[in-house]
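Work through these exercises with the structure open beside you. Try each task before you read its solution.

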Amino acid sequence: MRRPLDLRHVISPGLRDLIELANTHDFDRVTEQVRNLRGCTHPINLQGWTVTTDQTTNEVVRSYRSEDEPSGRLLTTCGNRRASRCPACSRLYAADTYHLIKAGLSGGKNVAETVRDHPRAFVTLTAPSFGPVHNRKTDSAGKPRPCRCGTHHTEEDPALGTPLNPATYDYTGAVLWNAHAGQLWARFTTYLRRALAEHLGMTQKALNAGLRVSFAKVAEYQKRGLVHFHAVIRFDGPDGHTTEPPPWATFDALRVAVGLAVERARLTIESDAIGERVITWGDRHKVDPITALGDGELTDDRVAEYTDAKVAGYIAKYATKNAEGTGTVDRTLICRPCAGRGYVRGPDRFHDRCTDCDGTGQAELINALPVQQHVRQMIRTAWALGHLPEFADLKLWKWAHMLGFRGHFSSKSRAYSTTLGALRDVRRAWRLAQAEAARTRAGLPTTDETTLVTASSWTYLSSGYRPGEEFLAAQVRHDIAHAQRLKQEGLLPA
């Protein structure tokens, strides 16, 4: 009988756990389960079972129990879209977003290929100014000009986007604009249709009977901490992408309608503490045609001609980003035990001071965050506004780390193209087909999916790896990154 290893001399907990996994469990299965996560940094731990039976014969076709795993649990990917949290899952999310946007531009994924002939525009909507900030200016010839502070800032200069005079900068207006940006976009889409009908000299009823406006948009943070939106807007016939838009639905009409909608879309906010504020779009907006021709890479420097692949890639890039690019943090600041209130209900129904946050309501003190002063002031302003009764529904203390923005980073109209859920269903079907092919190669009988019934029961246990599994996951991430570098260098097939 083999004696158990004496691991008391192993200092590293991760290494000690890895040795235990290698010696006391089915190490090959542990490694396989970690590799199947493709480098996920914070997997979900589940416990439960799944049984698939043939409803015609009641024969059990497939069964799985997490208790049969060496660790007694099933690991599955976290699915987080944020690159700062999980690069592996965010890459998959970006790929799905790319195909979703691309299908609405070129067809495919159950979208008619004739959409590439419909009028389409790449639209950028920005926030207004809340005070002058440090920036990189250029003249009409593209030659750099000094900032108003007299400095030629580099692209990496941390001063970019920060106020020239923080004492006069409208932080309250900036945070409230972020908080209402999603509502302002919804108001813009409403006014877009109204402006289009007005420009074409017809009623909205007649417009809706002959035309459908489809769109997909994504939010991006500017260096000054304010979001702006990139959107693909497309004209379709009354039945959607399968029908041609009427002849009067042109790109020029779309361009004019966008300009009118930007001017007219506004929200009015009233507060005893800050008075009345009007939320509007900034003076700068961009409307460019999208064509199916051209090569090259789309960058933030606008070009005269956009292509389907460029626009889809550009939008997908921002679908996995949050506000971290502005220098803020990627986690909520509210204390979970007291939900940010600073107090908890005691046994005698009186409020007791929360001991976890010492009554501040903050899981991390705003004053101690490793951020620059401009970002800290926006976070502090969002936190303070969130405690005003008139802004309670905005939950700004929950979104203070997002500088007040609480909308969806990407969204689309119903008829624009396919959905993320449909793309995931296709991926699931492909995996089932691969499993059936493996059964065939192993000489096992195949099954007809239409006759199968699946029952399951799953319970959430925790998130993350065991210390030893984290070593294996790090190796997987290293292997994936190494393979990607070899592909970029042309040493491996793409």
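## Exercise 1: The largest pocket

The largest pocket of this predicted model has a volume of about 2100 Å³. Task: find which residues are the closest to its centre, and which elements line the largest pocket.

Solution. 
- Step 1. Go to the centre. The lining has 47 residues, and Asn135, Gln222, Lys223, His228 and Arg284 are the closest to the centre.
- Step 2. Name the elements. Two or more lining residues come from each of β5 (137-138), β7 (212-221), β8 (227-236), β11 (285-291) and α7.
- Step 3. Look for the largest share. It comes from β7, with 3 residues.
- Step 4. Sort by class. The lining of the largest pocket has 18 polar, 16 charged and 13 nonpolar residues.

## Exercise 2: The second largest pocket

Task: state the volume of the second largest pocket, then find which element gives the most to its lining.

Solution. 
- Step 1. Take the volume. For the second largest pocket it is about 1800 Å³.
- Step 2. Go to the centre. Of 41 lining residues, the closest are Asn36, Thr76, Arg427, Arg428 and Arg431.
- Step 3. List the elements. At least two lining residues each come from α2 (27-35), β1 (44-54), β2 (59-65), β3 (74-76), α3, α9 (420-441), β16 (452-463) and α10 (467-488).
- Step 4. Pick the main contributor. α9 gives the most, with 10 residues.
- Step 5. Sort by class. This lining divides into 16 nonpolar, 14 charged and 11 polar residues.

## Exercise 3: The largest cavity

Task: find how many cavities of 30 Å³ or more the model has, and describe the lining of the largest cavity.

Solution. 
- Step 1. Count. There is 1 cavity of 30 Å³ or more.
- Step 2. Take the volume. The largest cavity has about 40 Å³.
- Step 3. Name the lining. It is formed by Trp185, Phe188, Thr189, Leu192, Arg193, Val213, Phe215 and Ile233.
- Step 4. Assign elements. α4 gives the most, with 5 residues.
- Step 5. Sort by class. The lining of the largest cavity has 6 nonpolar, 1 polar and 1 charged residues.

## Exercise 4: Two helices in contact

Task: describe how α3 and α7 pack, giving the angle and the distance between their axes.

Solution. 
- Step 1. Locate the helices. α3 covers residues 87-106, and α7 covers residues 308-319.
- Step 2. The crossing is right-handed.
- Step 3. Find the contact residues. Among them are Tyr93, Thr97 and Ile101 of α3, and Asp308, Val311 and Ile315 of α7.
- Step 4. Sort by class. This contact of α3 with α7 has 11 nonpolar, 3 polar and 2 charged residues.

## Exercise 5: One residue, then the chain

Task: is Gln55 buried, exposed or partly exposed? Then describe the chain as a whole.

Solution. 
- Step 1. Locate Gln55. It is in the loop between β1 and β2.
- Step 2. Apply the cut-offs. Buried means under 20% relative accessible area, and exposed means over 50%. Gln55 has 47%, so it is partly exposed.
- Step 3. Relate Gln55 to Ala429. They are 374 residues apart along the chain, and their C-alpha atoms are separated by 20 Å.
- Step 4. Step back. The chain has 10 helices and 16 strands. Its C-alpha trace spans about 85 × 60 × 55 Å along the principal axes.
- Step 5. Check burial. Of the 494 residues in the chain, 42% are buried.

Note on methods. Residues numbered from 1 in each chain as written. Predicted model: local features only at pLDDT ≥ 70, side-chain atom pairs only at ≥ 80, totals over all residues. Heavy atoms only, no water. Axes fitted to C-alpha atoms, helices over the stretch in contact; angles between N-to-C directions. Helix = DSSP H or I, 4+ residues; strand = E, 2+ residues; numbered from the N terminus. Left-handed = near helix turned anticlockwise from the far one by under 90°. Contact = heavy atoms within 4.5 Å. Nonpolar A, V, L, I, M, F, W, Y, C, P; charged D, E, K, R; others polar. 1 Å grid on protein atoms, 1.4 Å probe; cavity = no way out; pocket = protein on both sides within 12 Å on 5 of 7 lines; lining within 4 Å. Points joined across faces, edges and corners; volume = space filled by probe spheres on them. Buried < 20%, exposed > 50% of the residue type's maximum accessible area, 1.4 Å probe, protein only.
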